[in-house]
Amino acid sequence: LHAQRNYAESISLLREVVAMRVRISGEQHAETASDYRLLAWHLVHCPDPKFRDATDAVLFASRAVEIDPANGSIWRTLGQAQYRAGHWDAAIDALEKSVKLSKGGTADDFFFLAMAHSKRGDAKAAQRWFDKANQWVAKHRSNEFLDQCRAEAESLLGEVLEGRSKE
């Protein structure tokens, strides 16, 4: 459904999956945490912004972290949800935890860290994380999602990037 751009139904079904998982496996099950994270991710990154819900995403990702606090992917989703909700410090804390738990992190950790630091007014940290994200992409490989993250970060860090390119 998501691939067919039927976002409303896709998110609705994910909510039903989470509810069923809680009934079947219980609230504290690792698979429940995974389903909470998946729903939160879709609420944060839905291609159609009208179906995004940062508040619910923070709620679901926070619940997933409570269930599985050693999972870096869940912390990453929580950090991205916190960023979308405008909670810059909380986003940075969660994303740094993701980097630590994920043995160094991934490009989306770094792009969102760059954006959160930029929102806090820390241009040096924003630039450092942006550069780290691009190094990660160069070493591994990009995909559509990472390309979107990079474009968003470039747009936000525009002035910083322009200043660097003139040096």
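**Reading rings, helices and cysteines**

Author: Start with Phe 60, which is buried at a relative accessible area of 15%. Buried means under 20% relative accessible area, exposed over 50%, and partly exposed in between (1.4 Å probe, protein chains only). The model is predicted, so local features need pLDDT of at least 70 and side-chain atom pairs count only at pLDDT 80 or more, while totals for chains, interfaces and linings use all residues. Numbering runs from 1 along each chain as its sequence is written, and side-chain values use heavy atoms, with hydrogens and water left out.

Reader: How many aromatic pairs does a search of the whole structure find?

Author: Rings of Phe, Tyr and Trp (its six-membered ring) pair if their centres lie within 6.5 Å; planes under 30 degrees apart are stacked, over 60 edge-to-face, the rest tilted. The whole structure holds seven aromatic pairs. Take Tyr 36 and Phe 60: centres 5.8 Å apart, planes at 20°, so this pair is stacked. Tyr 36 belongs to helix α2 and Phe 60 to helix α3 (residues 54-67), so the contact ties together parts 24 residues apart in sequence. Helices here are DSSP runs (H or I, at least four residues), numbered from the N terminus; strands would be E, at least two. Tyr 36 is buried too, at 8% relative accessibility.

Reader: Phe 110 and Trp 129: how far apart are their ring centres?

Author: The centres are 5.6 Å apart and the planes lie at 25°, so that pair is stacked. Phe 110 sits in helix α6 and Trp 129 in helix α7 (residues 123-139), 19 residues apart, so the pair links distant parts of the chain. Both residues are buried. Elsewhere, ring pairs join Tyr 83, Trp 88 and Phe 112 into a cluster.

Reader: Which residue lies over the face of Phe 110?

Author: A charge sits over a ring if NZ of Lys or CZ of Arg is within 6 Å of the ring centre and within 35 degrees of the ring normal. Lys 132 lies over Phe 110, at 5.2 Å from the ring centre. Lys 97 lies over the face of Trp 75, at 5.6 Å.

Reader: Which residues of α5 are buried?

Author: Ala 91, Ile 92, Ala 94, Leu 95, Ser 98 and Val 99. Their cover includes α4 (72-84) and α6 (107-119).

Reader: Asp 35 next. Buried or exposed?

Author: Buried, at a relative accessible area of 11%. Asp 35 lies in helix α2 (residues 30-45). Leaving aside residues up to four places away in sequence, Asp 35 touches Val 17, Val 18 and Arg 21. Contact means heavy atoms within 4.5 Å.

Reader: How many disulfides does the count come to?

Author: The rule asks for a pair of cysteine sulfur atoms within 2.5 Å. The count is zero. Cys 46 is in no disulfide; the nearest cysteine sulfur, that of Cys 149, is 14 Å away. Cys 46 is buried at 0% relative accessible area. Cys 149 is likewise in no disulfide, and is buried at 3%.
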